[in-house]
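This report describes contacts within and between chains. The sequence and structure are shown below.

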Amino acid sequence: MIDVDKFTDIVARFLAVSGKILPDDVTEKLAELKAAETGPLAKSVYESMFENQQLAAELNRPSCQDTGVINFFVGAGDGFPDLGKVAEALKQAVIKATIDSPLRHNTVAIFDEKNDGTNVGERAPFIHWDIIPGSDKLQIETYMAGGGCSLPGRAVTFMPSAGYEGIVKYVFDTMVEWGINACPPLLVGIGIAGSVENASLLSKKAILRPLGTRNPNPRGAEMEILLEEGLNKVGLGPQGLSGNSSVMGVHIESAARHPSTISVGINVGCWAHRRGTIVFDKDLNYQILSHKGVKL
Amino acid sequence: MKKVLRTPISDSDLDGINIGDVIYLDGIIVTCRDVAHRRLIEFGRELPVDLKGLAIFHAGPIVKRLGEGKYQMVSIGPTTSMRMERFEKEFVKQTGVKLIVGKGGMASETEEACRTYKALHCVFPGGCAVLAATEVEEIERVEWLDLGMPESLWVNRVKGFGPLIVSIDAQGNNLFKKNKVLFNERKDKLVAEISEKVKFIK
(Lines give C-alpha, C1' and ligand atoms only; values in the text may rest on other atoms or scores of the structure.)
Protein backbone atom coordinates (compact mmCIF):
# COMPACT_ATOMS: atom_id res chain seq x y z
CA MET A 1 0.00 0.00 0.00
CA ILE A 2 1.34 3.42 -0.83
CA ASP A 3 0.63 6.50 1.26
CA VAL A 4 -1.69 8.23 -1.21
CA ASP A 5 -1.70 11.56 0.66
CA LYS A 6 2.08 11.67 0.65
CA PHE A 7 2.19 10.80 -3.05
CA THR A 8 -0.38 13.51 -3.86
CA ASP A 9 1.53 16.08 -1.87
CA ILE A 10 4.86 15.33 -3.59
CA VAL A 11 3.30 15.49 -7.06
CA ALA A 12 1.54 18.77 -6.21
CA ARG A 13 4.79 20.33 -5.01
CA PHE A 14 6.66 19.03 -8.05
CA LEU A 15 4.02 20.48 -10.37
CA ALA A 16 4.36 23.86 -8.68
CA VAL A 17 8.15 23.83 -9.06
CA SER A 18 7.93 22.76 -12.71
CA GLY A 19 5.88 25.88 -13.44
CA LYS A 20 8.47 28.17 -11.90
CA ILE A 21 11.81 26.71 -12.97
CA LEU A 22 12.60 25.37 -16.43
CA PRO A 23 14.21 21.94 -16.85
CA ASP A 24 18.01 21.96 -16.91
CA ASP A 25 18.31 20.96 -20.58
CA VAL A 26 15.97 23.79 -21.67
CA THR A 27 17.82 26.43 -19.65
CA GLU A 28 21.13 25.24 -21.09
CA LYS A 29 19.82 25.31 -24.67
CA LEU A 30 18.33 28.80 -24.24
CA ALA A 31 21.67 30.10 -22.95
CA GLU A 32 23.35 28.65 -26.03
CA LEU A 33 20.82 30.24 -28.41
CA LYS A 34 20.99 33.57 -26.56
CA ALA A 35 24.78 33.65 -26.96
CA ALA A 36 24.45 33.02 -30.71
CA GLU A 37 22.15 36.01 -31.34
CA THR A 38 23.68 39.11 -32.87
CA GLY A 39 20.79 41.54 -33.50
CA PRO A 40 19.87 44.05 -30.76
CA LEU A 41 16.15 43.19 -30.73
CA ALA A 42 16.72 39.41 -30.48
CA LYS A 43 19.34 39.94 -27.78
CA SER A 44 17.05 42.17 -25.74
CA VAL A 45 14.18 39.67 -25.94
CA TYR A 46 16.49 36.95 -24.59
CA GLU A 47 17.52 39.35 -21.82
CA SER A 48 13.86 39.73 -20.83
CA MET A 49 13.41 35.94 -20.86
CA PHE A 50 16.35 35.32 -18.54
CA GLU A 51 15.36 38.21 -16.28
CA ASN A 52 11.89 36.71 -16.08
CA GLN A 53 13.17 33.27 -15.06
CA GLN A 54 15.30 34.85 -12.36
CA LEU A 55 12.33 36.85 -11.02
CA ALA A 56 10.10 33.76 -11.10
CA ALA A 57 12.59 31.80 -8.98
CA GLU A 58 13.19 34.70 -6.56
CA LEU A 59 9.51 35.57 -6.10
CA ASN A 60 8.39 31.92 -6.23
CA ARG A 61 5.81 32.52 -8.95
CA PRO A 62 4.80 30.69 -12.15
CA SER A 63 7.23 31.99 -14.77
CA CYS A 64 4.49 32.11 -17.42
CA GLN A 65 0.91 32.95 -16.48
CA ASP A 66 -0.38 30.17 -18.68
CA THR A 67 0.28 27.10 -16.57
CA GLY A 68 -1.63 25.08 -19.11
CA VAL A 69 -3.92 22.12 -18.96
CA ILE A 70 -1.93 19.57 -17.00
CA ASN A 71 -0.81 16.45 -18.84
CA PHE A 72 0.74 13.41 -17.18
CA PHE A 73 2.57 10.76 -19.17
CA VAL A 74 3.00 7.87 -16.78
CA GLY A 75 5.44 5.01 -17.18
CA ALA A 76 4.01 2.49 -14.74
CA GLY A 77 6.14 -0.43 -13.66
CA ASP A 78 3.98 -3.52 -13.48
CA GLY A 79 5.34 -4.07 -9.96
CA PHE A 80 4.43 -0.62 -8.63
CA PRO A 81 1.82 -1.01 -5.88
CA ASP A 82 -1.66 0.54 -5.97
CA LEU A 83 -1.60 1.57 -9.63
CA GLY A 84 -5.37 1.81 -9.43
CA LYS A 85 -5.09 4.75 -7.04
CA VAL A 86 -2.64 6.78 -9.10
CA ALA A 87 -5.10 8.52 -11.45
CA GLU A 88 -7.25 9.91 -8.64
CA ALA A 89 -4.13 10.96 -6.71
CA LEU A 90 -2.83 12.84 -9.77
CA LYS A 91 -6.16 14.64 -10.05
CA GLN A 92 -6.02 15.61 -6.39
CA ALA A 93 -2.44 16.82 -6.90
CA VAL A 94 -3.63 19.19 -9.64
CA ILE A 95 -6.37 20.59 -7.39
CA LYS A 96 -3.82 21.13 -4.63
CA ALA A 97 -1.19 22.73 -6.89
CA THR A 98 -3.84 25.04 -8.35
CA ILE A 99 -4.31 26.57 -4.91
CA ASP A 100 -0.79 26.30 -3.50
CA SER A 101 1.35 27.24 -6.52
CA PRO A 102 -1.00 28.94 -7.67
CA LEU A 103 -1.85 27.75 -11.17
CA ARG A 104 -4.10 29.65 -13.55
CA HIS A 105 -7.65 28.34 -13.86
CA ASN A 106 -7.53 26.73 -17.26
CA THR A 107 -10.08 23.95 -17.64
CA VAL A 108 -13.15 24.99 -19.59
CA ALA A 109 -15.91 22.37 -19.71
CA ILE A 110 -16.89 21.39 -23.25
CA PHE A 111 -20.51 22.33 -24.19
CA ASP A 112 -21.24 23.92 -20.82
CA GLU A 113 -18.37 26.38 -21.41
CA LYS A 114 -17.80 26.89 -17.70
CA ASN A 115 -14.47 27.24 -15.93
CA ASP A 116 -14.91 26.09 -12.35
CA GLY A 117 -11.43 27.16 -11.30
CA THR A 118 -10.16 23.73 -10.25
CA ASN A 119 -8.03 22.77 -13.27
CA VAL A 120 -9.65 19.36 -13.27
CA GLY A 121 -12.69 18.16 -15.15
CA GLU A 122 -13.67 15.80 -17.89
CA ARG A 123 -10.49 13.83 -18.75
CA ALA A 124 -8.49 16.60 -17.07
CA PRO A 125 -5.76 16.24 -16.06
CA PHE A 126 -5.02 14.28 -19.22
CA ILE A 127 -3.28 11.04 -18.28
CA HIS A 128 -1.49 8.71 -20.68
CA TRP A 129 -0.24 5.32 -19.47
CA ASP A 130 2.59 3.09 -20.60
CA ILE A 131 3.26 -0.16 -18.75
CA ILE A 132 6.91 -0.96 -18.03
CA PRO A 133 7.40 -4.73 -17.62
CA GLY A 134 9.65 -5.90 -14.82
CA SER A 135 9.80 -2.52 -13.03
CA ASP A 136 8.49 -1.55 -9.60
CA LYS A 137 8.89 2.17 -10.29
CA LEU A 138 6.50 4.88 -11.38
CA GLN A 139 7.89 7.51 -13.76
CA ILE A 140 5.77 10.61 -14.28
CA GLU A 141 6.35 13.18 -16.98
CA THR A 142 4.45 16.35 -16.16
CA TYR A 143 3.68 18.82 -18.88
CA MET A 144 1.92 22.18 -18.76
CA ALA A 145 0.23 22.39 -22.14
CA GLY A 146 -0.20 26.13 -22.60
CA GLY A 147 -2.60 27.65 -25.11
CA GLY A 148 0.02 29.49 -27.12
CA CYS A 149 2.08 26.43 -27.89
CA SER A 150 -0.95 24.15 -28.28
CA LEU A 151 -2.40 26.41 -30.98
CA PRO A 152 0.01 25.36 -33.79
CA GLY A 153 -0.74 21.67 -33.09
CA ARG A 154 -2.15 19.86 -36.10
CA ALA A 155 -2.22 16.53 -37.85
CA VAL A 156 -2.96 15.28 -41.33
CA THR A 157 -2.93 12.03 -43.26
CA PHE A 158 -1.13 12.04 -46.59
CA MET A 159 -1.17 9.53 -49.39
CA PRO A 160 2.17 7.71 -49.67
CA SER A 161 2.86 9.56 -52.94
CA ALA A 162 3.43 12.70 -50.85
CA GLY A 163 6.31 10.90 -49.13
CA TYR A 164 8.43 12.24 -46.31
CA GLU A 165 8.81 15.28 -48.56
CA GLY A 166 5.17 16.10 -47.74
CA ILE A 167 6.01 15.95 -44.06
CA VAL A 168 8.89 18.38 -44.50
CA LYS A 169 6.66 20.92 -46.24
CA TYR A 170 3.90 20.48 -43.67
CA VAL A 171 6.32 21.11 -40.81
CA PHE A 172 7.81 24.23 -42.41
CA ASP A 173 4.38 25.62 -43.36
CA THR A 174 3.11 25.10 -39.82
CA MET A 175 6.16 26.73 -38.29
CA VAL A 176 6.08 29.86 -40.43
CA GLU A 177 2.30 30.30 -40.28
CA TRP A 178 1.68 29.29 -36.65
CA GLY A 179 4.97 28.63 -34.88
CA ILE A 180 5.88 32.28 -35.24
CA ASN A 181 3.20 33.19 -32.64
CA ALA A 182 3.87 30.30 -30.27
CA CYS A 183 6.82 31.82 -28.37
CA PRO A 184 9.86 30.60 -30.29
CA PRO A 185 12.49 29.25 -29.96
CA LEU A 186 10.31 26.15 -30.03
CA LEU A 187 10.80 22.48 -29.40
CA VAL A 188 9.14 20.80 -32.38
CA GLY A 189 7.60 17.38 -31.86
CA ILE A 190 6.66 15.32 -34.90
CA GLY A 191 4.80 12.02 -34.88
CA ILE A 192 4.76 9.81 -37.98
CA ALA A 193 2.31 6.91 -38.13
CA GLY A 194 -0.61 5.49 -40.07
CA SER A 195 -3.45 7.55 -38.57
CA VAL A 196 -3.85 11.02 -37.13
CA GLU A 197 -4.45 10.11 -33.48
CA ASN A 198 -1.42 7.80 -33.41
CA ALA A 199 0.73 10.50 -35.00
CA SER A 200 -0.63 13.23 -32.69
CA LEU A 201 0.04 11.32 -29.51
CA LEU A 202 3.57 10.53 -30.68
CA SER A 203 4.19 14.19 -31.50
CA LYS A 204 3.41 15.05 -27.86
CA LYS A 205 5.65 12.24 -26.63
CA ALA A 206 8.39 13.65 -28.87
CA ILE A 207 8.47 16.97 -27.03
CA LEU A 208 8.78 15.16 -23.71
CA ARG A 209 12.10 13.66 -24.77
CA PRO A 210 15.10 15.43 -23.24
CA LEU A 211 16.83 17.88 -25.58
CA GLY A 212 19.78 16.42 -27.40
CA THR A 213 18.36 12.89 -27.62
CA ARG A 214 17.92 11.45 -31.10
CA ASN A 215 15.48 9.15 -32.83
CA PRO A 216 16.98 5.61 -32.65
CA ASN A 217 16.64 5.05 -36.41
CA PRO A 218 19.61 6.62 -38.29
CA ARG A 219 17.26 8.03 -40.94
CA GLY A 220 14.99 9.38 -38.22
CA ALA A 221 17.94 11.03 -36.50
CA GLU A 222 19.11 12.45 -39.84
CA MET A 223 15.67 13.88 -40.55
CA GLU A 224 15.60 15.49 -37.10
CA ILE A 225 18.92 17.18 -37.79
CA LEU A 226 17.91 18.28 -41.30
CA LEU A 227 14.70 19.83 -40.01
CA GLU A 228 16.43 21.44 -37.04
CA GLU A 229 19.12 23.05 -39.19
CA GLY A 230 16.62 24.01 -41.87
CA LEU A 231 14.15 25.61 -39.47
CA ASN A 232 16.96 27.53 -37.80
CA LYS A 233 17.92 28.94 -41.21
CA VAL A 234 14.38 30.35 -41.52
CA GLY A 235 15.44 32.57 -38.61
CA LEU A 236 12.17 33.13 -36.72
CA GLY A 237 14.18 34.37 -33.75
CA PRO A 238 12.84 34.81 -30.23
CA GLN A 239 9.11 35.68 -30.33
CA GLY A 240 9.17 35.46 -34.14
CA LEU A 241 10.86 38.86 -34.29
CA SER A 242 13.67 37.32 -36.44
CA GLY A 243 17.06 36.13 -35.31
CA ASN A 244 19.68 33.46 -35.83
CA SER A 245 17.59 30.46 -34.77
CA SER A 246 13.99 29.22 -34.61
CA VAL A 247 14.03 26.05 -32.57
CA MET A 248 15.49 24.44 -29.48
CA GLY A 249 15.25 21.13 -31.27
CA VAL A 250 13.23 18.80 -33.50
CA HIS A 251 12.18 15.39 -32.17
CA ILE A 252 10.47 12.67 -34.20
CA GLU A 253 8.64 9.65 -32.79
CA SER A 254 7.18 7.02 -35.06
CA ALA A 255 4.94 3.97 -35.32
CA ALA A 256 4.63 1.57 -38.26
CA ARG A 257 2.19 2.96 -40.84
CA HIS A 258 -0.45 1.42 -43.06
CA PRO A 259 0.73 0.87 -46.68
CA SER A 260 -1.94 3.32 -47.88
CA THR A 261 -1.35 6.19 -45.46
CA ILE A 262 1.35 8.33 -43.94
CA SER A 263 0.09 10.49 -41.11
CA VAL A 264 1.96 13.31 -39.42
CA GLY A 265 1.20 15.08 -36.19
CA ILE A 266 2.90 18.26 -34.95
CA ASN A 267 3.06 19.59 -31.43
CA VAL A 268 5.36 22.38 -30.32
CA GLY A 269 6.71 23.35 -26.94
CA CYS A 270 7.35 27.05 -26.33
CA TRP A 271 10.67 28.35 -24.99
CA ALA A 272 9.13 28.15 -21.51
CA HIS A 273 8.93 24.38 -21.94
CA ARG A 274 7.55 23.29 -18.59
CA ARG A 275 8.26 19.60 -18.62
CA GLY A 276 9.18 17.67 -15.50
CA THR A 277 10.30 14.11 -14.83
CA ILE A 278 9.97 12.47 -11.44
CA VAL A 279 10.47 8.79 -10.62
CA PHE A 280 9.00 7.11 -7.54
CA ASP A 281 10.01 3.78 -6.06
CA LYS A 282 7.46 1.59 -4.30
CA ASP A 283 8.27 3.24 -0.95
CA LEU A 284 7.68 6.71 -2.51
CA ASN A 285 11.31 7.70 -2.43
CA TYR A 286 11.64 9.91 -5.46
CA GLN A 287 14.22 11.21 -7.86
CA ILE A 288 13.77 14.31 -10.01
CA LEU A 289 15.47 13.80 -13.36
CA SER A 290 14.56 17.06 -15.12
CA HIS A 291 15.55 19.62 -12.47
CA LYS A 292 18.83 18.75 -10.72
CA GLY A 293 19.22 20.01 -7.18
CA VAL A 294 15.65 21.27 -6.86
CA LYS A 295 14.09 20.87 -3.40
CA LEU A 296 10.36 20.25 -3.06
CA MET B 1 16.23 57.55 -24.21
CA LYS B 2 13.28 55.38 -23.21
CA LYS B 3 10.13 56.22 -25.15
CA VAL B 4 7.23 56.17 -22.70
CA LEU B 5 3.55 56.48 -23.57
CA ARG B 6 1.15 57.69 -20.88
CA THR B 7 -2.60 57.06 -20.80
CA PRO B 8 -4.81 58.68 -21.92
CA ILE B 9 -2.96 58.39 -25.24
CA SER B 10 -3.78 60.86 -28.02
CA ASP B 11 -3.31 60.39 -31.77
CA SER B 12 -0.33 62.75 -31.84
CA ASP B 13 1.44 60.74 -29.10
CA LEU B 14 1.86 58.00 -31.71
CA ASP B 15 3.65 60.24 -34.25
CA GLY B 16 7.17 59.11 -35.01
CA ILE B 17 6.71 55.63 -33.51
CA ASN B 18 7.65 52.95 -36.06
CA ILE B 19 7.59 49.17 -36.27
CA GLY B 20 10.55 47.59 -34.47
CA ASP B 21 10.74 50.45 -31.93
CA VAL B 22 10.76 49.56 -28.25
CA ILE B 23 8.44 51.60 -26.03
CA TYR B 24 7.08 51.51 -22.46
CA LEU B 25 3.73 52.36 -20.92
CA ASP B 26 2.68 54.31 -17.82
CA GLY B 27 -1.00 54.34 -16.90
CA ILE B 28 -3.92 51.98 -17.39
CA ILE B 29 -3.90 48.70 -19.28
CA VAL B 30 -6.95 46.42 -19.21
CA THR B 31 -6.82 42.69 -19.95
CA CYS B 32 -9.16 41.87 -22.78
CA ARG B 33 -9.13 38.63 -24.75
CA ASP B 34 -11.29 36.11 -26.59
CA VAL B 35 -14.66 36.24 -24.86
CA ALA B 36 -14.60 39.97 -24.04
CA HIS B 37 -14.02 40.69 -27.75
CA ARG B 38 -16.81 38.31 -28.69
CA ARG B 39 -19.24 39.82 -26.21
CA LEU B 40 -18.71 43.35 -27.51
CA ILE B 41 -18.57 42.64 -31.23
CA GLU B 42 -20.82 39.61 -31.74
CA PHE B 43 -23.30 40.08 -28.93
CA GLY B 44 -23.24 43.87 -28.72
CA ARG B 45 -22.73 43.92 -24.97
CA GLU B 46 -21.29 47.16 -23.67
CA LEU B 47 -17.83 46.80 -22.09
CA PRO B 48 -17.87 47.67 -18.38
CA VAL B 49 -14.67 49.73 -18.82
CA ASP B 50 -14.35 52.84 -21.03
CA LEU B 51 -11.21 52.12 -23.06
CA LYS B 52 -10.95 55.46 -24.86
CA GLY B 53 -7.29 56.48 -25.00
CA LEU B 54 -6.26 53.45 -22.92
CA ALA B 55 -4.39 50.22 -23.58
CA ILE B 56 -5.61 46.64 -23.71
CA PHE B 57 -3.55 43.56 -22.97
CA HIS B 58 -4.29 40.26 -24.70
CA ALA B 59 -3.58 38.35 -21.52
CA GLY B 60 -5.12 36.05 -18.95
CA PRO B 61 -3.27 36.46 -15.67
CA ILE B 62 -2.81 34.52 -12.45
CA VAL B 63 -4.25 36.76 -9.75
CA LYS B 64 -4.26 36.27 -6.00
CA ARG B 65 -7.26 37.52 -4.06
CA LEU B 66 -6.11 39.39 -0.96
CA GLY B 67 -9.52 40.42 0.41
CA GLU B 68 -12.78 42.08 -0.62
CA GLY B 69 -12.02 43.82 -3.95
CA LYS B 70 -8.27 43.55 -3.31
CA TYR B 71 -6.03 41.57 -5.63
CA GLN B 72 -2.36 40.95 -6.30
CA MET B 73 -1.01 40.40 -9.80
CA VAL B 74 1.09 37.22 -9.63
CA SER B 75 1.89 36.41 -13.24
CA ILE B 76 0.69 38.15 -16.42
CA GLY B 77 2.22 37.55 -19.83
CA PRO B 78 0.71 38.09 -23.27
CA THR B 79 -1.45 35.60 -25.12
CA THR B 80 -1.55 35.01 -28.89
CA SER B 81 -2.97 38.21 -30.43
CA MET B 82 -3.97 36.56 -33.69
CA ARG B 83 -6.97 34.99 -31.97
CA MET B 84 -8.49 38.46 -31.64
CA GLU B 85 -7.85 39.42 -35.30
CA ARG B 86 -11.44 38.62 -36.29
CA PHE B 87 -12.78 41.26 -33.92
CA GLU B 88 -10.02 43.82 -33.52
CA LYS B 89 -10.84 46.34 -36.24
CA GLU B 90 -14.39 46.81 -35.02
CA PHE B 91 -13.14 46.70 -31.42
CA VAL B 92 -10.71 49.58 -31.99
CA LYS B 93 -13.40 51.53 -33.81
CA GLN B 94 -16.00 51.10 -31.08
CA THR B 95 -13.76 51.58 -28.02
CA GLY B 96 -11.18 54.17 -29.12
CA VAL B 97 -8.41 52.03 -27.57
CA LYS B 98 -4.96 53.29 -28.56
CA LEU B 99 -2.55 50.54 -27.64
CA ILE B 100 -3.00 46.80 -28.11
CA VAL B 101 -0.43 44.60 -26.39
CA GLY B 102 -0.09 40.89 -27.01
CA LYS B 103 2.23 38.41 -28.60
CA GLY B 104 2.89 37.36 -32.16
CA GLY B 105 1.61 39.33 -35.10
CA MET B 106 -1.82 40.47 -36.21
CA ALA B 107 -3.13 40.76 -39.76
CA SER B 108 -4.69 43.12 -42.27
CA GLU B 109 -7.87 44.02 -40.36
CA THR B 110 -5.85 45.23 -37.37
CA GLU B 111 -3.42 47.05 -39.67
CA GLU B 112 -6.36 48.90 -41.15
CA ALA B 113 -7.70 49.73 -37.69
CA CYS B 114 -4.32 51.07 -36.55
CA ARG B 115 -4.06 53.23 -39.68
CA THR B 116 -7.65 54.48 -39.72
CA TYR B 117 -8.27 55.06 -36.02
CA LYS B 118 -4.62 55.66 -34.97
CA ALA B 119 -3.48 52.88 -32.68
CA LEU B 120 -0.50 50.54 -32.17
CA HIS B 121 -0.10 46.81 -31.74
CA CYS B 122 2.89 45.87 -29.61
CA VAL B 123 4.51 42.65 -28.45
CA PHE B 124 5.39 42.07 -24.84
CA PRO B 125 7.92 39.19 -24.84
CA GLY B 126 5.82 36.03 -24.43
CA GLY B 127 6.34 33.90 -21.35
CA CYS B 128 7.82 36.83 -19.41
CA ALA B 129 4.88 36.93 -17.04
CA VAL B 130 6.62 37.64 -13.75
CA LEU B 131 8.56 40.48 -15.35
CA ALA B 132 5.24 41.99 -16.47
CA ALA B 133 3.59 41.38 -13.08
CA THR B 134 6.33 43.32 -11.30
CA GLU B 135 5.51 46.28 -13.55
CA VAL B 136 1.88 46.32 -12.36
CA GLU B 137 1.57 48.81 -9.51
CA GLU B 138 -2.00 47.96 -8.62
CA ILE B 139 -5.08 46.15 -9.85
CA GLU B 140 -7.61 48.98 -9.66
CA ARG B 141 -10.66 46.82 -10.29
CA VAL B 142 -11.98 43.79 -12.10
CA GLU B 143 -15.06 43.34 -14.29
CA TRP B 144 -16.84 40.35 -15.78
CA LEU B 145 -15.50 37.96 -13.16
CA ASP B 146 -18.13 35.49 -14.38
CA LEU B 147 -15.73 34.71 -17.23
CA GLY B 148 -13.21 33.16 -14.86
CA MET B 149 -9.73 34.31 -13.91
CA PRO B 150 -8.08 34.31 -17.36
CA GLU B 151 -10.92 36.02 -19.24
CA SER B 152 -12.02 38.67 -16.74
CA LEU B 153 -11.22 42.34 -17.42
CA TRP B 154 -8.43 43.21 -14.99
CA VAL B 155 -7.84 46.98 -14.83
CA ASN B 156 -4.13 47.46 -14.09
CA ARG B 157 -2.19 50.59 -13.27
CA VAL B 158 1.32 50.07 -14.64
CA LYS B 159 4.65 51.88 -14.53
CA GLY B 160 7.44 51.36 -17.07
CA PHE B 161 5.44 48.53 -18.57
CA GLY B 162 7.53 46.84 -21.25
CA PRO B 163 9.56 46.24 -23.29
CA LEU B 164 6.82 46.73 -25.87
CA ILE B 165 8.05 46.01 -29.38
CA VAL B 166 5.94 47.86 -31.95
CA SER B 167 4.57 45.30 -34.41
CA ILE B 168 1.96 47.50 -36.17
CA ASP B 169 2.39 51.27 -36.18
CA ALA B 170 -0.21 54.00 -36.68
CA GLN B 171 0.61 54.09 -40.43
CA GLY B 172 -0.43 50.43 -40.65
CA ASN B 173 3.08 49.05 -41.23
CA ASN B 174 3.32 45.46 -40.01
CA LEU B 175 6.61 44.04 -38.69
CA PHE B 176 5.45 40.41 -38.63
CA LYS B 177 4.06 40.63 -42.15
CA LYS B 178 7.38 41.97 -43.39
CA ASN B 179 9.29 39.26 -41.54
CA LYS B 180 6.95 36.59 -42.85
CA VAL B 181 7.70 37.44 -46.48
CA LEU B 182 11.36 36.80 -45.76
CA PHE B 183 10.65 33.62 -43.75
CA ASN B 184 8.53 32.24 -46.59
CA GLU B 185 11.21 32.93 -49.21
CA ARG B 186 13.77 31.07 -47.11
CA LYS B 187 11.27 28.30 -46.40
CA ASP B 188 10.59 27.37 -50.03
CA LYS B 189 14.29 26.97 -50.79
CA LEU B 190 14.95 24.93 -47.63
CA VAL B 191 11.95 22.62 -48.16
CA ALA B 192 13.20 21.84 -51.67
CA GLU B 193 16.72 21.09 -50.39
CA ILE B 194 15.61 18.87 -47.51
CA SER B 195 13.04 17.03 -49.63
CA GLU B 196 15.86 15.71 -51.82
CA LYS B 197 17.36 14.02 -48.76
CA VAL B 198 14.25 12.31 -47.35
CA LYS B 199 13.05 10.28 -50.32
CA PHE B 200 12.73 7.20 -48.12
CA ILE B 201 9.71 5.85 -50.06
CA LYS B 202 11.24 4.54 -53.28
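## Domains of chain A

In this predicted model, the C-alpha centres of domain 1 and domain 2 of chain A are 26 Å apart. Domain 1 of chain A covers 4–19 + 63–146 + 274–288, and domain 2 covers 148–269.

Seven residues from domain 1 of chain A and five residues from domain 2 of chain A form the contact between them. On the side of domain 1 of chain A that touches domain 2, strand β3 (residues 138–145) of chain A gives the most, with three residues. That side of domain 1 has three nonpolar, one polar and three charged residues.

## Contact between chains A and B

Chain A puts 50 residues into its contact with chain B, and chain B puts in 46 residues. On the side of chain A, at least two residues each come from α3 (40–59), α5 (147–150), α6 (163–177) and α8 (218–234). The largest share, 10 residues, belongs to α3(A). Sorted by class, the side of chain A that touches chain B has 26 nonpolar, 17 polar and seven charged residues.

## Helix pair α8(A) and α5(B)

The axes of α8(A) and helix α5 (residues 175–195) of chain B come within 9 Å, crossing at roughly 160°. Angles over 145 degrees count as roughly antiparallel, so α8(A) is roughly antiparallel to α5(B). The crossing of the two helices is right-handed.

From α8(A), the residues Leu226(A), Leu227(A), Gly230(A), Lys233(A) and Val234(A) take part; they meet Phe183(B), Arg186(B), Lys187(B), Leu190(B) and Ile194(B) of α5(B). By class, the residues of this helix contact are six nonpolar, one polar and three charged.

Terms used
Residues numbered from 1 in each chain as written. Chains lettered and ligands numbered in written order. Predicted model: local features only at pLDDT ≥ 70, side-chain atom pairs only at ≥ 80, totals over all residues. Contact = placed C-beta atoms within 7 Å. Helix = DSSP H or I, 4+ residues; strand = E, 2+ residues; numbered from the N terminus. Nonpolar A, V, L, I, M, F, W, Y, C, P; charged D, E, K, R; others polar. Axes fitted to C-alpha atoms, helices over the stretch in contact; angles between N-to-C directions. Parallel < 35°, antiparallel > 145°, perpendicular 65-115°, else oblique. Left-handed = near helix turned anticlockwise from the far one by under 90°. Domains from an automatic or database assignment.
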